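Subject: Structure handover

Hello,

Here is the structure I promised you. Please open it alongside this email.

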Amino acid sequence: MAEHPEAPRTSPRLSATFTPEVMSEIRRAAATGIYDIRGAGAKRSLPHFDDLLFLGASISRYPLEGYRERCGTEVVLGTRFAAKPIHLKTPVTIAGMSFGSLSANAKEALGRGATLAGTSTTTGDGGMTPEERGHSKTLVYQYLPSRYGMNPDDLRKADAIEVVIGQGAKPGGGGMLLGQKITERVAGMRCLPPGIDQRSACRHPDWTGPDDLAIKIEELREITDWQKPIYVKVGASRPYYDTALAAKAGADVVVLDGMQGGTAATQDVFIEHVGIPTLAAIRPAVQALQDLGLHRAVQLVVSGGIRSGADVAKVLALGADAVAIGTAALIALGDNDPRWQSEYEALGTTAGAYDDWHEGKDPAGITTQDPVLAARLDPELAGRRLANFLAVMTLEAQTIARACGKSHLHNLEPEDLAALTIEAAAMAGVPLAGTGWIPGKTGL
Amino acid sequence: MPTFDLRLAPLRALNGALHALAPETDQTHWTVLNPDGRHAIACGLDAPVSVEIEGNAGYYCAGMNKRASILVAGNAGVGVAENMMSGFVRVRGDASQSAGATAHGGTLVIDGNAGARCGISMKGVDILVKGSVGHMSAFMAQAGTLTVLGDAGEALGDSLYEARLYVRGRVTSLGADCVEKEMRDVHRAELHARLQAAGLAGEVDPGEFRRFGSARTLYHFHVDNAGAY
């Protein structure tokens, strides 16, 4: 440098491997000795529905008139064995989220919004609250490994039962609800001492493999007199086999949750490194049902990072019957709203990035049990926002379906899609745009 | 008093009939013949009736029971009385694994032995096993009592919450956060009541038992305890 004092200096160069986020996590781990726990789903960039496009109608196909010709959206779930299948006006349902991880007002808002939109909402780990049942016309009751709050009365009050094997944020893992959120009421519902850090089991306590699952499903059907549809929810990891085994075990509905699906709290390393993207999970699951001759007879509900009517339409085009939203529903209620920016900053984060849902300090009053914070969420207004969002998603999906010439959302098909990337083409099993190439299946 | 032969009629008919009983029913004593290991026998009952199952039952017999008194005259498969809320279930023979799993209330008495994970995640039930229990019994047990007149297998009470465990015989090993605790008068009285409920009052000395419970060191997740898991 001394020989060339005026020579330009090399620009500071950040590592693509050791990014600021990576280095920050190393420093945090070194300071604390404990892994990072957070809420929400995978935040890394993944092949997703944005990597797919619809091929609108042209000469070879003709579209439907946007404001005149009917495009159906209704869906029936649980037609295989249940005496009382569920009838929904829209294929967009609300995923399981617990009272405990969410405030009572947030659960009420989800019920109100779903009911206005003509769809279902779902309980979570910790049981069913009277408010939730009261405000949800159609309520799915989750049957989880912990069995917190599980009782036969609520089982019979439910409109459907969802046996949860896993979820996309943590397939193979249990949950944790930190003591800050274990209030007297939450603890009472879960038969736990207030204030402790509650662990949720990762396996069911009274069955192990798929043959046992079939017996468990038979028991649940016997207890509910074969009235209720029984869903089986799996986190996306081996979707072909898990879907096939769930169907073989007698499920009416398979719920498939990709790695972008949210959680109330788990290890960041789990969220980001276990499971596969939602986009990659759908076709194998549909293939499994087709191979068994059960496609459409066993309905497939897909969740994990679904944000818009375009996503809904793409999921249905790939062969699913319905979708479930969790994180998007919370955002519609008011989660991560910039109106609380100063409070997010006080928590060391920013609106849009807040994911310490387990700490119970949510400025929006949604992922908290703090009565002062929870009171910030008006369940009626928040429910209205959710209903609006669900209506927009449904309208968007209809818009796309009509453009593809479909008179029902379920008539969308893989042939309506093209992929923007080779990865998405391979995962979704649709051609790379402008080609006839499906990697692994067809030539160029 | 109705008698139901499972070789002559399907399980659905039995459970459907038991579920349909009116509150004022006089059909309060049912006998089930030839169970032949069928699963889900007499599950989901919610009536003050008694059901005697004359043979071996399969998985989830008396599952989610409320108020009913159910007797299995033979052996019971996996998850007998799972998630029971109230009532009384007795197994004359042995019970397979996960007996009384997640049960919230009522009393489960097993005259023989119980397999692994007896009382797993129990939430208030009182379980009494006259024989021995297998490994990982009372795993993550939250509330209620597990009384074992025989021995307990490996890792008894692992990750225990507030359930209380009484064992008369040998304990192979204790699970994480499970410790032996002092047997005080209140516990002797509780144990006496449990023995009485099983028809053993005066036959078994509560003084022969040891008590085990949670050390409560894992109630709050802390890195210093990571090695315990």
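This is a predicted model: local features need pLDDT of at least 70, side-chain atom pairs count only at pLDDT 80 or more; totals for chains, interfaces and linings use all residues.

Chain A

Chain A has 15 helices and 16 strands. Its radius of gyration is 23 Å, close to the 22 Å that the globule rule gives for 444 residues, so chain A is as compact as a globular protein of that length. The C-alpha trace spans about 85 × 65 × 45 Å along the principal axes. Of the 444 residues in chain A, 56% are buried. Take the contacts in chain A with a separation of 6 or more: 67% of them join residues 24 or more positions apart.

Helix α9 of chain A

This helix covers residues 278-291 of chain A. At 1.5 Å a residue, its 14 residues should span 20 Å. The end C-alpha atoms are 21 Å apart, which agrees. Ten of the 14 residues are buried, so α9(A) is largely enclosed by the rest of the structure. Those buried residues are T278(A), L279(A), A280(A), A281(A), I282(A), P284(A), A285(A), V286(A), A288(A) and L289(A). What do they pack against? Three helices of chain A are among the partners: α7 (239-248), α10 (309-317) and α15 (422-428). The strands β12 (253-257) and β14 (299-303) of chain A also take part. After α9(A) comes G293(A), with a positive phi near 70°.

Chain B

Chain B has two helices and eleven strands. Along the sequence, the pattern reads β-α-β-β-β-β-β-β-β-β-β-α-β. A compact globule of 229 residues would have a radius of gyration near 17 Å; chain B has 18 Å, which agrees. Its C-alpha atoms fill a box of roughly 60 × 40 × 30 Å, taken along the principal axes. Buried residues make up 55% of the chain. Among contacts in chain B with a separation of 6 or more, 24% are between residues 24 or more positions apart.

Helix α1 of chain B

Helix α1 of chain B runs over residues 11-19. Its buried residues are L11(B), L14(B), N15(B) and L18(B). Seen down the axis of α1(B), they fall within an arc of 90°, so they line one face of the helix. An α-helix has 3.6 residues a turn, so residues three or four places apart point the same way. What covers the buried residues of α1(B)? The cover includes β1 (3-5) and β2 (29-33) of chain B. It also includes α6 (210-223) of chain A.

Best wishes

Key. Residues are numbered from 1 along each chain as its sequence is written. Chains are lettered from A and ligands numbered from 1 in the order in which they are written. A residue is buried if 20 or more other C-beta atoms lie within 10 Å of its own, exposed if 12 or fewer, and partly exposed in between; C-beta atoms are placed from the backbone. Helices (H or I, at least four residues) and strands (E, at least two) are DSSP runs, numbered from the N terminus. The arc is that of the directions from the helix axis to the C-beta atoms. Two residues are in contact if their C-beta atoms, placed from the backbone, lie within 7 Å. The radius of gyration is taken over C-alpha atoms; the globule rule is 2.2 Å times the number of residues to the power 0.38. The expected span of a helix is 1.5 Å times one less than its number of residues.
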